[in-house]
Amino acid sequence: MNIAVHTTEVKKRERFFLFSLAGIQFTHILDFMIMMPLGPEFIRELNINTHQFGLLLSSYTFAAAAAGIFATYYVDRFERRQLLLSLYALFIVATFACGLAPNYEALFIARAFAGAFGGILGSLVQTIVADSIPFERRGKALGTVMAAFSVSTVAGVPLGLFLANHIPSLGWRAPFFFIALISALILYLGYRNIPKIAGHLDHIHEGSRLSQIMKILTAPQNIKAFVFMALIMITGFSVIPYIALYLTSNVGISNSYISLIYLCGGIATLMSSRFIGHMADKYGKVAVFRVLAIISLIPLLVTTNLPVTPLWIVLINSTAFFILVSGRMIPAMAMVSQVVESKIRGTFMSLVGSVQMLSSGIASVLAGWIVTIGPDGMMQHYNLVGYGAAICGLLTFWLVGYIHSDTKKA
């Protein structure tokens with residue numbers, strides 16, 4: 001009986017632990033996601049073009065990439081919980097500053113600071129899950145934490161859009177104040193529920209820190225993992241930032257329905273994330289990833305080639321897009337997190353996070369250069385972005401086999 005009670009208590013603590021990590025993921029992902037559906041409003045209110053909007057998005061991702069590289073010098077030298085909560089507090093301050101930004105330039109700088117802290121948070125949360133949850137159950141655990149992406153679209157993005165559209169005195173600033181407020185609450189929950197994680201500190205690093213980082217950065221199996229994650233991010237984030245703009249300008253969808261599209265996609269992804277994680281644990285990460293990688297190309301290509309289309313068809317396609325494109329990350333991260341041993345996992349995952357942010361920033365900038373707004377107000381060349389993304393998606397299908405073989409050796 002005591003064993004059963006103890007087991008129940010352990011499971012309860014693990015649920016609250018994962019819930020707290022998911023909350024941190026939710027807010028820093030929402031902070032990035034909220035920019036995308038607000039694209040038309042930013043372009044209108046700040047009087048900028050698609051290229052400048054792409055730069056605004058990439059200010060977050062490029063800063064996150066740079067911060068992730070810098071984090072490799074210290075991330076494995078501090079206790080995980082203290083570092084996570086400290087960075088999260090700084091993220092809250094930076095997000096609040098975004099809401100106070102008086103113009104495009106100030107917003108650009110504030111977004112860079114938010115990205116610098118938010119990007120490190122993402123890789124640190126994944127590192128903590130990998131340190132705390134056995135590989136056999138890691139797919140499901142990551143599915144729980146990465147369901148934060150779904151929650152951010154289910155609740156956060158529609159609510160952010162609602163606040164932006166219904167508080168005229170704040171406009172696009174309202175979502176940032178909302179994120180800062182919710183983040184303060186989650187910071188308290190994290191303080192209560194995330195335990196001290198210091199097992200990696202038992203392994204003393206010897207020699208030059210720079211040489212250690214270079215060794216991690218240049219190891220052949222790690223390079224394959226970095227390229228793999230870069231291709232995954234390019235596949236999604238060359239397309240995602242411009243979906244709202246394309247739907248409103250080319251497909252004939254009213255701006256008022258953009259919230260509905262994100263809501264449906266988010267609910268479906270929330271329901272599917274844990275299932276995908278369970279399938280990855282049961283049938284193998286590589287098999288599940290390959291199925292998702294191929295099937296996800298269908299809604300991706302449809303999204304970038306849609307003509308004027310009824311709303312119900314757009315909803316079906318966009319929901320499939322959200323489920324499949326985000327679903328790939330669950331088995332992918334489970335495999336990548338196992339490539340290295342625990343004592344250097346924080347450094348490695350920080351580099352992975354930098355690669356993710358850098359590649360997504362490059363993808364959004366390149367797509368911003370490719371797509372243009374024609375004299376008729378319609379977006380042009382989005383189909384070319386889709387074809388390039390599909391090629392990257394096919395490359396991940398091939399490369400995942402090499403990541404899988406390295407994982408088996410780890």
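Let me start with Asn222, which, once its neighbours within four places in sequence are set aside, is in contact with Ile216, Val339, Val340 and Phe348, where contact means heavy atoms within 4.5 Å. Asn222 lies in helix α9, and helices here are DSSP runs of H or I with at least four residues, while strands are runs of E with at least two, both numbered from the N terminus. Because its relative accessibility is 2%, Asn222 counts as buried; the word buried stands for under 20% relative accessible area, exposed for over 50%, and partly exposed for what lies in between, using a 1.4 Å probe and protein chains only.

Please keep in mind that this is a predicted model, in which local features need pLDDT of at least 70 and side-chain atom pairs count only at pLDDT 80 or more, while totals for chains, interfaces and linings use all residues. Residues are numbered from 1 along each chain as its sequence is written, and side-chain values use heavy atoms, with hydrogens and water left out.

Now to the chain as a whole. The protein chain has 17 helices and two strands, and buried residues make up 58% of its 410 residues. Among contacts between residues at least 6 apart in sequence, 85% join residues at least 24 apart.

Ile186, in helix α7 (residues 174-193), gives us an example. Ile186 and Thr27 are 159 residues apart in sequence, and their C-alpha atoms are 8.7 Å apart in space. Not counting residues up to four places away in sequence, Ile186 touches Ser20, Gly23, Ile24, Phe26, Thr27 and Tyr88, and Ile186 counts as buried because its relative accessibility is 9%.

Let us return to α9 and look at its packing. Helix α9 (residues 220-237) packs against helix α16 (residues 345-370) at an angle of about 35°, with their axes 8 Å apart; axes are lines fitted to C-alpha atoms, for helices over the stretch in contact, and angles run from 0 to 180 degrees between N-to-C directions. The crossing of these two helices is right-handed, a term used when the near helix is turned clockwise from the far one by less than a right angle. On the α9 side the contact includes Asn222, Phe226 and Met233, and on the α16 side it includes Phe348, Val352 and Ser359. The residues of this contact divide into twelve nonpolar, five polar and no charged, where Ala, Val, Leu, Ile, Met, Phe, Trp, Tyr, Cys and Pro count as nonpolar, Asp, Glu, Lys and Arg as charged, and the others, Gly among them, as polar.

A second pair is α3 (residues 50-71) and α5 (residues 104-132), whose axes come within 7 Å and cross at roughly 35°, again with a right-handed crossing. Among the residues that meet there are Leu55 and Tyr60 of α3 and Phe108 and Arg111 of α5.

Which residues touch the most other members of the largest nonpolar core? Of its 118 residues, they are Leu21, Phe42, Leu84, Phe228, Leu247, Phe348 and Tyr382, a nonpolar core being a set of buried Ala, Val, Leu, Ile, Met, Phe, Trp, Tyr and Cys residues joined through side-chain atoms within 4.5 Å. The largest share of this core, twelve residues, comes from α5. Leu84 is in contact with residues including Leu21, Leu121 and Ile194, leaving aside its neighbours within four places in sequence.
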